[in-house]
Amino acid sequence: MNRAILLVSHGNLASTMKECVQLITGKQKDLYALSMDAEETFDSFSSRLETSVNQLRVRYQEIIILADIKGGSPCNAATLQVLKERSIQVIAGFHLGLVIECCLSPASPRELIANASQSISHINSVIN
């Protein structure tokens, strides 16, 4: 599987998520993080994201961008990348289980989302 996974987020969520994933799975050479801080403009972040995507394109056949929240600036910047290059996949609303699965499974984005959504449950309902 020649796939890069690029986490994009507000604040340090992307880099912290990467650390958490690697705590559980070990080093993930194909996992990258790009964070947008509070002082950064949308245009500046979009430019940094485009540079990152261009660098990843040289090494990877597939790029999946996981954004922290749908409609947020990091997700919107990722959407601009899709408009430029339709082969880039964007999934909005990442959580630890989804990121781990992206790293370990060659599944398609639709399959990854379906599997990740099954991991969300109301534990009280399960034990009652």
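Author: Begin with pairing: two strands pair if DSSP finds at least two bridges between them. Helices (H or I, at least four residues) and strands (E, at least two) are DSSP runs, numbered from the N terminus. This is a predicted model, where local features need pLDDT of at least 70, side-chain atom pairs count only at pLDDT 80 or more, and totals for chains, interfaces and linings use all residues. Residues are numbered from 1 along each chain as its sequence is written, and side-chain values use heavy atoms, with hydrogens and water left out.

Reader: How many bridges join strand 3 and strand 4?

Author: There are 4, and the two strands pair in the parallel sense. Ala 67 stands opposite Ala 92 in strand 4. Strand 1 (residues 3-10) also runs parallel to strand 3, joined by 6 bridges. There, Leu 6 has Ile 65 of strand 3 as its bridge partner.

Reader: What describes a pair of aromatic rings?

Author: The distance of the centres and the angle of the planes. Rings of Phe, Tyr and Trp (its six-membered ring) pair if their centres lie within 6.5 Å; planes under 30 degrees apart count as stacked, over 60 as edge-to-face and the rest as tilted. The whole structure holds 1 aromatic pair. Tyr 32 and Tyr 60 are edge-to-face, 6.1 Å centre to centre, with 80° between the planes.
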